[in-house]
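User: Hi, I have a chain open and could use a hand reading it. Can we go through it together?
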Amino acid sequence: LLLLKSGKCGHAVCIDVQDSSCKIAKNNALQNGLSEKMTVVCSDILDFRCEREFDAFLCNPPYKKKDSGEKNLQPKIAMCRHEVTVTQEEIVKVASKKLKFGVRLCMCQRIERFTDLITEMRKNGLEPKTIQFVTTAIDNPPYLFLVNAVKGVKPQLKIPVNEINGV
């Protein structure tokens, strides 16, 4: 919604497997006057069919591998946090197939999945370009990271300096 509102994105296709999330997305687009610029598709990303390639792919994948960690008893929340319907590897493969050459895949993931995600991106022709680590306080280790990968380009990773750390 922010990308659409800012004009940095002309049209967005939003895909989610959960009907309730799709309804919320449609309602948010309507309330922000962006219904014409946003298509919401309620589908498993593995079943989504579209002939065109995309200019960007933004994703907040499930953080935990299937059958790992404490699983939430509410199925809707469990699907968001655990690889119940789709794996991180499957998301990266779909993104790589759907992205135009030279455009971005942006993802947020838990720090313990760092190596797995970077490895999977490279295996699928997506080169990590920037990584931003997320922490709750200056003295705490990061718990999340944001990665921006580009399809089909040469390696050149940058990690922005966090001004809060005084570096």
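User: Let's start with E127. Is E127 buried or exposed, and why?
Analyst: E127 counts as buried, because its relative accessibility is 8%. The cut-off for buried is under 20%. Keep in mind that this is a predicted model.

User: Where is E127 found?
Analyst: E127 lies in strand β5, which covers residues 126-134.

User: And which side chain makes a polar contact with the side chain of E127?
Analyst: That is R122, at 2.8 Å.

User: What else is E127 in contact with, leaving aside neighbours within four places in sequence?
Analyst: The list has R122 again, then N148, A149 and V150. V153, K154, P155 and Q156 are also on the list.

User: OK, zooming out. How many helices and strands does the chain have?
Analyst: There are 5 helices and 6 strands. Starting at the N terminus, the order is α-β-α-β-β-α-α-β-α-β-β.

User: How do β4 and β6 pair, parallel or antiparallel?
Analyst: They pair in the antiparallel sense, over 7 bridges. Strand β6 is residues 144-151. Within this pairing, C106 stands opposite N148 in β6.

User: And in which sense do β3 and β4 pair?
Analyst: That pairing is parallel, over 5 bridges. Strand β3 spans residues 54-59, and β4 spans residues 99-110. Here L58 stands opposite C106 in β4. C106 also stands opposite N148 in β6.

User: Switching to helices. Which residues in α4 are buried?
Analyst: In α4, residues 88-98, the buried ones are Q88, I91, V92, V94, A95, S96 and K98.

User: What do the buried residues of α4 pack against?
Analyst: They pack against strands β3, β4, β5 and β6. Helix α5 (114-123) is on that list too.

User: Why do residues three or four places apart in an α-helix point the same way?
Analyst: An α-helix has 3.6 residues a turn, so residues with that spacing point the same way.

User: Now loops. Where is S43?
Analyst: S43 sits in the loop between β2 (38-42) and β3. S43 is buried, because its relative accessible area is 16% and the cut-off is under 20%.

User: What does S43 touch, not counting residues up to four places away?
Analyst: S43 touches I15, D16, V17 and F48.

User: Last one: what share of the chain is buried?
Analyst: Buried residues make up 32% of the 167 residues. The accessible surface is about 10600 Å², and carbon and sulfur atoms account for 54% of that. As for contacts between residues at least 6 apart in sequence, 67% join residues at least 24 apart.

Methods. Residues numbered from 1 in each chain as written. Predicted model: local features only at pLDDT ≥ 70, side-chain atom pairs only at ≥ 80, totals over all residues. Heavy atoms only, no water. Helix = DSSP H or I, 4+ residues; strand = E, 2+ residues; numbered from the N terminus. Buried < 20%, exposed > 50% of the residue type's maximum accessible area, 1.4 Å probe, protein only. Contact = heavy atoms within 4.5 Å. Areas by Shrake-Rupley, 256 points an atom, 1.4 Å probe, with all protein chains shown as cover. Pairing = 2+ DSSP bridges. Polar contact = N/O pair within 3.5 Å; in protein donor to acceptor, adjacent residues only side chain to side chain.
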